[in-house]
Amino acid sequence: MGLAAPASAASVLDAHATTIAVGDPTLGASWKNLAQTFKAQNSGLLDQVDLHYGNNWWASQVKASVFDVSQGNLVAPAASTVPAAQIYPFSPDWHTFLLTTKVSVQAGQTYAIVLSSGAIGSDRWSYNTGARYTDGQMYTVSSTGTSLSAPFSLGTGAAFLFRTFVETSAGLSITSSAASTSAPEGTAPTMKGTYSGGVGTAHFTADHGSVAADAAAGTWTWTGDKYDEDSYPSSVTVTVTDDSGASQSTTFALTINGVRPAAGISTGGTRLAAAATTSLSTPEGSSLTLTGTASSPSATDQAAGFKYEWSVVKNGSALAPVTGATYTVTTTDEDTFVVTMTARDDGGLVSDPVTVTVVGAEIKPTATILSISAADPALTIIAPEETLNFAGTYNDPAPEPHTFRWDFGDGATASSLTAAHAYATSGTYTVTLTVWDDEKVSGAATATVTVLSAQAAIASMTKYVEGIKTLNAGQQNSLVAKLNAASDAISRGNDTAAHNQLNAFVNELDADLQAGKISKADYNALRADAHAVEGAVGTFNRFLEWWPLAA
């Protein structure tokens, strides 16, 4: 649609009383002002007043003003005083006053032309009584210029001679560029249009939104609010009004289209996805909380919040849908969760789906060796052929099956968390406990076991005896002598002699215990150590060790 500039309005003759002049009242000392009321015939801008002066005119300057008339009184001036006009004597004729500020008049409304002179003399204003002017009367005006006195007693309809000219609103029009407009929710809709014609300045209003005009181009632009798709006017009316009060309107349809919310998933404050697919992992046997996020260009939707719906497929099988702002993924083994989320706004619009794949990451089990101890708790040494108890444990967050193996360092193994084992020879052995999960991922722990030779074990026993404070030196020396003799016998390869010396050692311990020279704990420890050395050289039946007759 082309743009049109506003058309210029033309002045037309409006109210008038212009019949033959039959009198010319003097505007002098008695009457400070004269007035003529009239009724506007057209709505528009009154921009010119013509007055006819009588004979013997002698005023140097005359001013004319136009007033609104309400209930017989002058109200506030409708325009500023017309500039003074120079009047020459003896010139009965029409004189034109062009109003510097145009007066808005409405058809059928009564107004008053008030004449005042700049000099006191025989100023005259022509009037007639022959043809009656029925839409107004002649008046004198008080010196204050605020009230109308009684009209001249020249009969009803007598009138001063006057003519008024009004710019009318011919051709005032307004057009929109289209029958309808639309916009997505949260975005201000617009409409453009043109206007032309009218009087004076064009003034725009709209029943919704706001209007801006370009007078030079004859165009207007309407801008609405940022409506929600559930709350907006179905139509908008734009009205143009000119200075005369004339108005024209145009109406166009309005549609606000809903916009899907934009959704995303975050965890730990970090946004993971937005209308796309992403993957992440979490340790098996742990939980991970996913949080739904959404936004809308509509402030109404944003304030109302969103509803989140989660659909989940675990290891290829669909789980029951879940609603809520968050969803917690709990992995057991190496599970795979495909989590899809949608967000719904208060108008029911649903976002594009957002998908996150969560994989339970393999965690290597950890093995722990809890203890390695002799079967006889009284022992203070570990010697060959001594039975040792091994205890272990493991940790794995995944509830999955596990297998175990002890490697004792001498080629022997066991397959449970607890085991018993005896080393055939002395030495230092590295013990390893290995744990496997069902994916054959393993964790291991190690420990060192030192198995003493028979002579090294006897040396340890010697130090123990020397540390017993309840024995005097002679008693200690007697016990140590038997231990040294056993050690010498072993070095010679005479295991029987060593066995006899160790038995003598135990017998002496019995006597010391009976005499109260050593404690029961010391007795038990040294007796157990002696039997362990005997077992190491093959002269003691370990099965009988646990029977009372073994003593």
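Glutamine 476 lies in helix 3 (residues 473–492), where helices (H or I, at least four residues) and strands (E, at least two) are DSSP runs numbered from the N terminus. The model is predicted: local features need pLDDT of at least 70, side-chain atom pairs count only at pLDDT 80 or more, and totals for chains, interfaces and linings use all residues. Residues are numbered from 1 along each chain as its sequence is written, and side-chain values use heavy atoms, with hydrogens and water left out.

**Chain overview**

- The chain contains 5 helices and 40 strands.
- Of its 551 residues, 42% are buried; buried means under 20% relative accessible area, exposed over 50%, and partly exposed in between (1.4 Å probe, protein chains only).
- Among contacts in the chain with a separation of 6 or more, 70% are between residues 24 or more positions apart, contact meaning heavy atoms within 4.5 Å.

**Helices**

- Glutamine 476 of helix 3 has a relative accessible area of 15% and is therefore buried.
- Apart from neighbours within four places in sequence, glutamine 476 is in contact with Val465, Glu466, Ile468 and Leu471.
- Two packed helices are described by the angle between their axes and the distance between the axes.
- Helix 4 (residues 495–514) packs on helix 5 (residues 520–536) at about 170 degrees, and the axes are 10 Å apart; axes are lines fitted to C-alpha atoms, for helices over the stretch in contact, and angles run from 0 to 180 degrees between N-to-C directions.
- Helix 4 is thus roughly antiparallel to helix 5; angles under 35 degrees count as roughly parallel, over 145 as roughly antiparallel, 65 to 115 as roughly perpendicular and the rest as oblique.
- Helix 4 contributes His499, Leu502, Asn503, Phe505, Val506, Leu509, Asp510 and Leu513 to this contact, and helix 5 contributes Lys520, Tyr523, Leu526, Arg527, Ala530, Val533 and Glu534.
- The contact of helix 4 with helix 5 comprises 9 nonpolar, 2 polar and 4 charged residues; Ala, Val, Leu, Ile, Met, Phe, Trp, Tyr, Cys and Pro count as nonpolar, Asp, Glu, Lys and Arg as charged, and the others, Gly among them, as polar.

- Strands of a sheet pair through backbone hydrogen bonds, either parallel or antiparallel.
- Strand 24 (residues 262–267) and strand 27 run antiparallel and are joined by 5 bridges; two strands pair if DSSP finds at least two bridges between them.
- Threonine 291 in strand 27 has serine 266 opposite.
- Strand 31 (residues 326–330) also pairs with strand 27 in the antiparallel sense, over 5 bridges, with threonine 330 of strand 31 as the bridge partner of serine 287.

- Strands in the order 34-35-38 form an open sheet of 3 strands with antiparallel pairing.
- Strand 34 and strand 38 (418–422) are the edge strands of this sheet, each pairing on one side only.
- Neighbouring strands of the sheet are turned by 25 degrees against each other on average, direction ignored.
- Strand 35 and strand 38 run antiparallel and are joined by 5 bridges; phenylalanine 390 stands opposite alanine 419 in strand 38.
- Another open sheet has 4 strands in the order 37-36-39-40, and its pairing is antiparallel.
- Strand 37 (413–414) and strand 40 (442–451) each have a single partner strand, so one side of each has no neighbour in the sheet.
- Strand 36 (residues 403–407) pairs with strand 37 in the antiparallel sense over 2 bridges, and aspartate 407 has threonine 413 of strand 37 as its bridge partner.

**Individual residues**

- Asparagine 315, in the loop between strand 28 (307–314) and strand 29 (317–318), has a phi near 50 degrees, a positive value in a residue other than glycine.
- Asparagine 315 is partly exposed at 45% relative accessible area.
- Glutamate 385, in the loop between strand 34 (366–374) and strand 35 (387–395), is not a glycine but has a positive phi of about 70 degrees.
- Glutamate 385 counts as partly exposed, at 35% relative accessibility.
- Threonine 101 belongs to strand 8 (residues 94–105) and is partly exposed, with a relative accessible area of 39%.
- The C-alpha atoms of threonine 101 and aspartate 47 are separated by 7.5 Å, and these residues are 54 residues apart along the chain.
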